[in-house]
Amino acid sequence: SLENRARFVNEVVADMRDAVGDTMGITLRVSLDETIGDLGFSNAEVREFVEMNRNLPDLWDLAQGTWEDCSGPSRFKEEAAQHELVKGIHDLTDKPIVGVGRFTSPDVMARMITSGTLDFIGCARPSIADPFLPKKIEEGRIEDIRECIGCNICITGDMTMSISRCTQNPTFMEEWRKGWHPERMNTKGDSASVLVVGAGPAGLEAARAVAERGYDVALAEAGTVLGGRVARERHLPGLSAWGRAADHREYQLSQKANVESYFDSKLDADSILEFGFENVCIATGATWRRDGVARQHVVPFPTDDAMPILTPDDLMGDASPPGHVVIYDDDHYYMGGVMAELLIRKGCSVTLITPAAYVSEWTLNTLEQHEIHRRLANMGVSINLNRGVMAIGKDHIVSNCMFTGTTRQIACDAVLMVSSRVENNKVYNDLKSREADWADAGIKSVRLIGDANAPGPIAWATYAGHRYARELDGEDIGDALSFRREITQLAVE
């Protein structure tokens, strides 16, 4: 019975109370629903348990099941995603409740409190994106909040046992070892002006952060909107929240008198040399390859010119392929699955081929791989795992098994390459080839950052932009990053 099963937690809490008395409160976390049927706690049984033990802890901490269920990304989880599971539980207990559920907006947080659903808001990922979120709410500075985009790149550090990053907060994990404060920049250096070429995530963060330090900044964008890849990807299925990475920085730049933004400004080396800026930051992004070079192939493989070959850049433009499209996904992150969903919405039939063992394999690290596979399968996408593409004919592709090498043909009307990206670094290379002219032009430094230097996730780009701003006019340490290290010593008896 539930009553008998509840004896264990009652005895544990009683022992804890004997140990700590009234010196501290005891919080009890309970899963709202383990989503494994009769083998686990259902939401109905949770409610019965809380009512049966209404005064057991000093604070109820309610969260849903597995990490994937509880901390799903914005692509699959709406804000306040656990509202239905927690609604009404407050009527069953006299103690306060803290809940989670991808809370990012202060308005939604306040609604959960004023409606009596929760007493406290738990928000781990939003606190990574902006550790000063509560203070900014208290001070009425809502527009200054770096709102979490729900990409789950922060979780990948745990999953890969490596350093974590945050797309919105590039100081995350660098507060101690580099001394980067989330709200305060280091003082300005000796030079006065910076030209940032490219207004993608790297360029926007670089411009924002160097302006915060006190430099005069010109931001030159070849297009008509700020955001670069973010401005395009935010319109893809499920990725609208990612647009906050551009929105936050665009707003912050608009509040600074020492920043000027210029659109339709595709610059070349000649024009940059004429401008007279002391520091030049090149953040011109990257472009998806259409030759298939990535993991399986390190050189282009045979293709027939009669077959339409597209890239994600084409689909984020105005391309609309007809009929049956084969997606060759050798990127293994989110783009292949998003492109499949987009093509289905456009009325295409889709076959997704990947050399990996999972669809969008790297998203195992962002807690969304199972949701991606489920959604694509339910949409009718034909999924081919552990298979590559060896050649593209005029009306078919040749697919090979990654283990046996055996091949088979798959007929199609177009091929979408989701392989790797190549750096847009021509302007930088042209400037480097004319380094002898820099002094006469008043240029002290030229740096290449973000995807234009090394294509990667958006969080890597905002980090690169922030690092550029922090290190400007500082000692050139190259790629040998200087880390502070905490040394633990035993106390002397």
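The model is predicted, with local features requiring pLDDT of at least 70 and side-chain atom pairs counting only at pLDDT 80 or more, while totals for chains, interfaces and linings use all residues. Residues are numbered from 1 along each chain as its sequence is written, and side-chain values use heavy atoms, with hydrogens and water left out.

Five strands form an open sheet in the order β7-β6-β5-β8-β19, with parallel pairing. Strands here are DSSP runs of E with at least two residues, helices are runs of H or I with at least four residues, and both are numbered from the N terminus; two strands pair if DSSP finds at least two bridges between them. At the edges lie β7 (259-262) and β19 (445-448), each of which pairs on one side only. On average, neighbouring strands of this sheet are turned by 15 degrees against each other, direction ignored. Within the sheet, β5 (residues 193-197) and β6 (residues 216-220) pair in the parallel sense over 5 bridges, and L195 stands opposite A218 in β6. Helix α19 packs on the sheet and touches β5, β8 (279-282) and β19, its direction making about 170 degrees with that of β8. Axes are lines fitted to C-alpha atoms, for helices over the stretch in contact, and angles run from 0 to 180 degrees between N-to-C directions. Contact means heavy atoms within 4.5 Å.

The helix α19 (residues 458-471) also packs with α10 (residues 201-213), at an angle of about 30 degrees and with the axes 7 Å apart. The two helices are therefore roughly parallel to each other, a label given to angles under 35 degrees. Residues making this contact include P201, A202 and E205 of α10 and I458, A461 and T462 of α19.

Turning to charged pairs, the model has 34 salt bridges, each defined as a side-chain nitrogen of Lys or Arg within 4 Å of a carboxyl oxygen of Asp or Glu. One of them joins K136 and E183, whose closest N and O atoms are 3.1 Å apart. This pair links distant parts of the chain, with K136 in helix α8 (residues 133-138) and E183 in the loop between α9 (156-160) and β5, 47 residues apart.

Finally, S420 sits in the loop between β17 (414-418) and β18 (421-423). Leaving aside neighbours within four places in sequence, S420 is in contact with T287, W288, R289, V293 and A294.

Technical notes. Angles under 35 degrees count as roughly parallel, over 145 as roughly antiparallel, 65 to 115 as roughly perpendicular and the rest as oblique.
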